[in-house]
Amino acid sequence: MPTLLFKPLLFSGLLFTSLLSYGQTPDINYDESKVPPYTLPDPLVTKAGKKVTTVRQWETGRRPELLKLFADNLYGRTPERRLKTRYEVRSVDSSALGGTAIRKQISVVWTEYPDLPSLELLLYVPKNRVGNNRPPVFVGLNYMGNHSITTEPGIALSTHWLPNRPDGKVVNNRATEAARGVQQSRWPLELIISKGYAVATAYYGDLEPDHPEGWKTGIRSVLDPPTTARPDSWQAIGVWAWGMSRMLDYLETDGLVDAKRAIVIGHSRQGKAALWAGAQDQRFAAVIANESGEGGAALSRRIYGETIERLNSSFPHWFCPQYRSYVNRPEALPVDQHELLALIAPRPLYVASAEGDRWADPKGEFLSARHTDPVYQLYGKKGIGIDTWPSVHQPVGETVRYHLRTGEHDVKRYDWEQFLDFAEKTIDRRQ
Ligand code: GTR
């Protein structure tokens, strides 16, 4: 039965793909002079047309209204039912990373569903934290398994489904020993630990493998499956965001870190998920979205790079069915992405772009961050503060910060250096 009912979703994805191949969808625009004019909705004006002028009006009226609009139209509704969990500590190594860190591996087991893959957490905590206070913690999902973020041999090789790799390091959708450290450049642990920050990560496929059938072996197989096929049914981005909140639930129970200073972070599709997690779950003290692009930080109404059409035809399992109704008409969306970013206010927010990542529309990401300023101002905070898109390696802004890095779509040491500096200037001051 699940398979049959899921077919309409897949079919609509195929339909959009075929429309594309018949040329009915405009080509991807990379020409700044061809960006059509657009008007953004005002985050401080309610659906009923009332102007929001106080924090109270924002928090009790407009903010919940916007959250619901994003659930209804993009990410789907996050189920309220809690899954029962058991935390099983698998290992503790108090001399990891050359003696500078404590490394812990914890399985989050979904006790009502013994067949559901566990969420495998990997936690690194610095030992050098000055002043004996507990460290803030970065919380983010990784793409290739915990074993991919470092070559430290004590890390359990993921046993869950992984996308095959042309280099033969993942075969038959299972990791091999050769896959250790394949994404270590994205997680400069020594740097993060040396600055006094902890890191908690897990493989995003533990929550839902990233393909259209992935829900069948993930959280959605037991929690609001797509067989209900509502326009606002949650999909994979919603599940990944939910999973980061479940990581935070665990961290609240672990005395090694300060869960009140948790920074949710994500790159690309995980940047979209991190923004949605931070918007919904105000326990996250700060949010970092690296090159999150369409459906993330980038403005939908600005036609440059990836479009709603391409996003949904390539990844029919990411966003709620309703989002597809905005293909080729982003102006009909009742929200735009600056309003998602504004839901982070007054907490620190970092939006990062790369020059070579035109697909994600770096300028659209900047403008989106810029247009949160009025909401941060309500709280007396300074956001981006300038209108001109900065040149490369010129970070701008205060509580909302932005940079454009040279190079391609990736997470680089430069990005982490800025994120760490930002964290130090914002949430780290709050002890
Ligand atoms: C792309 C997708 C982007 C971004 C990226 C990624 O193919 O079109 O929106 O999510 O994948 O996650 O690396």
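This is a predicted model: local features need pLDDT of at least 70, side-chain atom pairs count only at pLDDT 80 or more; totals for chains, interfaces and linings use all residues.
Reader: Why does the radius of gyration of the chain agree with that of a compact globule?

Author: For 431 residues, the globule rule gives a radius of gyration near 22 Å, and the chain has 21 Å, so the two values agree. The C-alpha atoms fill a box of roughly 55 × 55 × 40 Å along the principal axes. Eleven helices and twelve strands make up the secondary structure of the chain.

Reader: What makes a residue count as buried, and what share of the chain does so?

Author: A residue is buried when its relative accessible area is under 20%. Of the 431 residues, 58% count as buried.

Reader: Why is a set of residues called a nonpolar core, and which members of the largest one touch the most others?

Author: The name applies because buried residues of listed types, Leu and Ile among them, are joined through side-chain atoms within 4.5 Å. The largest such core has 92 residues, and Ile219 and Leu251 touch the most other members. Helix α5 (residues 236–251) gives the most to this core, with eleven residues. Apart from this core lies another, of 29 residues, including Ala96 and Ile427.

Reader: What makes a space a cavity rather than a pocket, and how many of 30 Å³ or more does the structure hold?

Author: In a cavity a 1.4 Å probe fits but cannot get out, whereas a pocket is open. The structure holds one cavity of 30 Å³ or more. The largest cavity has a volume of about 130 Å³, and its lining comprises 13 residues, with Leu141, Trp187, Gly266, His267 and Val411 nearest the centre. This lining divides into six nonpolar, six polar and one charged residue.

Methods: Residues are numbered from 1 along each chain as its sequence is written. Side-chain values use heavy atoms; hydrogens and water are left out. Buried means under 20% relative accessible area, exposed over 50%, partly exposed in between (1.4 Å probe, protein chains only). Helices (H or I, at least four residues) and strands (E, at least two) are DSSP runs, numbered from the N terminus. On a 1 Å grid over the protein atoms alone, a cavity is a set of points where a 1.4 Å probe fits but cannot get out, and a pocket is an open set with protein on both sides within 12 Å along at least five of seven lines; lining residues have an atom within 4 Å of a point. Grid points are joined across faces, edges and corners, and a volume is the space filled by probe spheres set on the points. Ala, Val, Leu, Ile, Met, Phe, Trp, Tyr, Cys and Pro count as nonpolar, Asp, Glu, Lys and Arg as charged, and the others, Gly among them, as polar. The radius of gyration is taken over C-alpha atoms; the globule rule is 2.2 Å times the number of residues to the power 0.38.
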